[in-house]
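Please take a look at the chain shown below. The paragraphs after it go from one residue to the fold and back to single side chains.

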Amino acid sequence: MTFSKRAFAIFQKDYKDLSRNVFVSSTLIMPLFFAVFYLQLSGGGIDVTYFVINITFSLVATFI
């Protein structure tokens, strides 16, 4: 019972941080945007896949 309360409290805290901090939400949204954009642009080759993965790592690294 204690674990579920703690997990719910952590989830609530993360949700509040997500709604208050624009950088957190952009870290989640930008990789999805790049994936859809470059998939439509070039047809989705292996280069596009690596590019999106590298952008995601870069965004997360700058966030941390």
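Begin with Val 36, a residue of helix H2. The structure is a predicted model. Val 36 has a relative accessible area of 52% and therefore counts as exposed, since the cut-off for that class is over 50%. Along the sequence, Val 36 and Leu 18 are 18 residues apart, and their C-alpha atoms are 22 Å apart in space.

How many helices and strands does the protein chain have? There are three helices and zero strands. Read from the N terminus, the order of elements is α-α-α. Helix H1 covers residues 2-20, helix H2 covers residues 22-42, and helix H3 covers residues 46-63.

The overall dimensions come next. The C-alpha atoms of the protein chain occupy a box of roughly 50 × 25 × 20 Å along the principal axes. For 64 residues, a compact globule would have a radius of gyration near 11 Å, whereas the value for the protein chain is 16 Å. Of the 64 residues, 11% are buried. The accessible surface amounts to about 5500 Å², and carbon and sulfur atoms account for 70% of that surface.

Helix H1 can now be taken by itself. With 19 residues, helix H1 spans 27 Å from its first C-alpha to its last, which is close to the 27 Å expected at 1.5 Å a residue. Is helix H1 largely in the open or buried? The number of buried residues among its 19 is zero, so helix H1 lies largely in the open.

Helix H2 also contains Phe 34. The relative accessibility of Phe 34 is 17%, so this residue counts as buried, the limit being under 20%. Phe 34 and Lys 13 are 21 residues apart in sequence, and the distance between their C-alpha atoms is 28 Å. Val 48 and Phe 34 are 14 residues apart in sequence, with C-alpha atoms 9.1 Å apart. Val 48 belongs to helix H3. At 16% relative accessibility, Val 48 is counted as buried.

Two other phenylalanines of helix H2 are Phe 33 and Phe 37, which lie four residues apart and are thus separated by about one helical turn. Both of their side chains can be described by accessibility: Phe 33 is partly exposed at 46%, and Phe 37 is partly exposed at 40%. How many aromatic pairs does a search of the whole structure find? The search finds one aromatic pair. The pair consists of Phe 33 and Phe 37, whose ring centres are 5.9 Å apart and whose planes meet at 15°, so the pair is stacked. The angle decides this label because planes under 30 degrees apart count as stacked.

Phe 33 and Phe 37 also take part in a nonpolar surface patch. Which residues make this patch of about 530 Å²? They are Leu 28, Ile 29, Phe 33, Phe 37 and Leu 41. Leu 41 lies in helix H2. Its relative accessible area is 57%, so Leu 41 is exposed.

Val 36 is exposed, Phe 34 is buried, and Phe 33 is partly exposed. Phe 37 is partly exposed as well, while Leu 41 is exposed.

Terms used: Residues are numbered from 1 along each chain as its sequence is written. This is a predicted model: local features need pLDDT of at least 70, side-chain atom pairs count only at pLDDT 80 or more; totals for chains, interfaces and linings use all residues. Side-chain values use heavy atoms; hydrogens and water are left out. The radius of gyration is taken over C-alpha atoms; the globule rule is 2.2 Å times the number of residues to the power 0.38. Buried means under 20% relative accessible area, exposed over 50%, partly exposed in between (1.4 Å probe, protein chains only). Accessible areas come from the Shrake-Rupley method with a 1.4 Å probe; for residues, only the protein chains shown count as cover. The expected span of a helix is 1.5 Å times one less than its number of residues. Patches are made of residues with over 30% relative accessible area and no salt bridge: like charges are joined within 9 Å, nonpolar side chains (Val, Leu, Ile, Met, Phe, Trp, Tyr) within 5 Å. A salt bridge is a side-chain nitrogen of Lys or Arg within 4 Å of a carboxyl oxygen of Asp or Glu. Rings of Phe, Tyr and Trp (its six-membered ring) pair if their centres lie within 6.5 Å; planes under 30 degrees apart count as stacked, over 60 as edge-to-face and the rest as tilted.
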